[in-house]
There are 2 protein chains.
Amino acid sequence: MAPYWYVSDKRELLDLVARKLLSEVELPEPDSAPWDERLRTVVTGIDARLHDHPGIAGVLLERMRSTDRRLMNGILEILLSAGFEGPKVFLSYAMIHTYLFGRYQVVELDTPDPSQVDPGDLEDALATLVPHLSGLRGRDFFNYGVDTIIEGLRAQLAAKKRPRRR
Amino acid sequence: MAPYWYVSDKRELLDLVARKLLSEVELPEPDSAPWDERLRTVVTGIDARLHDHPGIAGVLLERMRSTDRRLMNGILEILLSAGFEGPKVFLSYAMIHTYLFGRYQVVELDTPDPSQVDPGDLEDALATLVPHLSGLRGRDFFNYGVDTIIEGLRAQLAAKKRPRRR
DNA sequence: ACCTGAACACCGTTCAAGT
DNA sequence: ACCTGAACACCGTTCAAGT
């Protein structure tokens with residue numbers, strides 16, 4: 001019961017834990033590398049911390065506010081240095097935030113036992129793809145997701161400078 | 001208490017609700033439009049449903065399994081038609097899944113009242129950006145996120161065919 | 001076969017009482 | 001100032017009893 005003297009809520013307690021956890025993540029020096037590499041570095045650092053304490057990801061996903069201010073600033077600055085402006089900086093941040101912390105809410109998809117799946121069902125895309133699933137690890141999902149987001153952001157930057165395609 | 005006769009768990013009950021909800025989402029005809037447009041259509045359809053019942057998003061985020069099989073297949077087929085192969089199909093699906101359902105876990109970021117933020121703090125990227133935040137709506141986050149993911153996926157497809165850059 | 005009501009375990013929170 | 005223990009409300013689940 002003692003914590004209740006310091007904190008008014010369980011939520012608030014978890015916020016503190018979350019902040020503490022993220023405060024240990026290092027931010028790369030501003031000019032140490034191009035923006036995409038720096039972004040990958042921070043995001044990987046965060047992910048490493050979450051890996052050890054996956055329960056905390058939920059707290060962070062829910063409330064951007066409880067994200068360590070220093071870290072959030074660090075990411076915003078990387079995005080600014082990439083060339084994002086105004087609202088785009090936030091839109092980009094929110095996307096990264098959602099993916100990064102949302103990941104840990106997804107229970108490592110329990111593979112439907114390949115032998116259980118009816119392989120005759122060719123209509124069923126899932127069934128025919130199941131064999132590929134067993135080789136995938138959490139790391140693969142993370143790397144692919146981060147790659148895709150970075151490429152997507154790069155495209156957004158390019159779109160700003162050229163005539164729209166859409 | 002009656003539900004407990006049909007279902008062994010609260011979780012299982014919510015799974016059924018989630019499936020029912022997604023079963024109402026329409027899938028575009030396979031050749032009706034290019035893959036990216038079709039993807040945007042499904043994803044927007046899902047989002048519309050979630051918008052009315054945001055509580056369900058959490059269930060879907062947690063367990064890919066409880067996603068309506070028909071819908072998941074529909075998305076996998078769109079990805080296949082885009083040119084993704086083997087594991088990449090899943091990696092791409094997982095990314096979309098995480099973002100789409102994760103979104104609803106993020107409480108609409110409570111803007112730190114602009115007048116509260118110290119504007120003198122120029123070190124603080126967040127503080128200087130706050131003015132841009134007030135104009136942003138949930139729709140904006142969604143559209144930007146989906147755009148970015150689609151562009152990211154397009155880049156992944158292109159990377160497959162050309163020599164690697166990384 | 002299906003529903004109801006009472007009971008139980010569990011957990012977040014409060015509060016009075018301790019030191 | 002800070003901690004402890006008992007009490008309470010709330011919720012998921014069980015189970016015996018109803019129809």
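Around DNA strand D sit A:M1, A:A2, A:W5, A:Y6, B:M1, B:Y4, B:D9 and B:K10, where a residue is near a strand if one of its heavy atoms lies within 4 Å of it. Of the atoms of DNA strand D that come within 4 Å of the protein, 59% belong to sugar and phosphate.

Some conventions before going on. This is a predicted model, in which local features need pLDDT of at least 70 and side-chain atom pairs count only at pLDDT 80 or more, while totals for chains, interfaces and linings use all residues. Residues are numbered from 1 along each chain as its sequence is written, chains are lettered from A and ligands numbered from 1 in the order in which they are written, and side-chain values use heavy atoms, with hydrogens and water left out.

For B:Y4, a polar side-chain atom lies 2.5 Å from a phosphate oxygen of DNA strand D. For B:K10 the corresponding distance is 2.4 Å.

By class, the surface near DNA strand D has 6 nonpolar residues, no polar ones and 2 charged ones. The classes put Ala, Val, Leu, Ile, Met, Phe, Trp, Tyr, Cys and Pro under nonpolar, Asp, Glu, Lys and Arg under charged, and the others, Gly among them, under polar.

The residues around DNA strand C are A:M1, A:Y4, A:D9, A:K10, B:M1, B:A2, B:W5 and B:Y6. Sugar and phosphate make up 59% of the atoms of DNA strand C that come within 4 Å of the protein. Which distances separate side-chain N or O atoms of A:Y4 and A:K10 from a phosphate oxygen of DNA strand C? For A:Y4 the value is 2.5 Å, and for A:K10 it is 2.4 Å. Chain B contributes too: a side-chain N or O atom of B:Y6 is 3.0 Å from a phosphate oxygen of DNA strand C. The surface near DNA strand C divides into 6 nonpolar, no polar and 2 charged residues.

Next, the two protein chains. In chain A, 55 residues are in contact with 55 residues of chain B, contact meaning heavy atoms within 4.5 Å. About 4,900 Å² is buried between chain A and chain B, with carbon and sulfur atoms giving 70% of that area. In chain A, the residues that lose the most area to chain B are A:F90, A:L91 and A:Y144, together 15% of what that side buries. Buried area here is the accessible area (1.4 Å probe) that two parts lose on being put together, summed over both.

Across this interface, 14 residue pairs are in polar contact, both residues at pLDDT 80 or more. On the side of chain A that touches chain B, the elements giving two or more residues are α3 (55–62), α4 (69–82), α5, α6 and α7 of chain A. Helices (H or I, at least four residues) and strands (E, at least two) are DSSP runs, numbered from the N terminus. That side of chain A has 28 nonpolar, 12 polar and 15 charged residues.

Last topic, salt bridges. Side chains of opposite charge can pair when their charged atoms come close. The rule asks for a side-chain nitrogen of Lys or Arg within 4 Å of a carboxyl oxygen of Asp or Glu. Over all chains the structure holds 18 salt bridges, and the count between chain A and chain B is 2.

A:D124 is buried, at 8% relative accessible area, while B:R69 is partly exposed at 41%; buried means under 20%, exposed over 50%, and partly exposed in between (1.4 Å probe, protein chains only). A:R69 and B:D124 also form a salt bridge, 3.3 Å from N to O.

Within chain A, A:D36 and A:R154 meet in a salt bridge of 3.4 Å, N to O. This pair links helix α2 (residues 35–52) to helix α7 (residues 138–161), 118 residues apart. A:D36 is buried, at 17% relative accessibility, and A:R154 is partly exposed at 29%.

A:D47 and A:R103 form a salt bridge as well, again with its N to O distance given as 3.4 Å. A:D47 is in helix α2 and A:R103 in the loop between α5 (87–102) and α6 (125–133), 56 residues apart. Both A:D47 and A:R103 are buried. Finally, a network of salt bridges links A:R11, A:D15 and A:R63.

Conventions. Polar contact = N/O pair within 3.5 Å; in protein donor to acceptor, adjacent residues only side chain to side chain.
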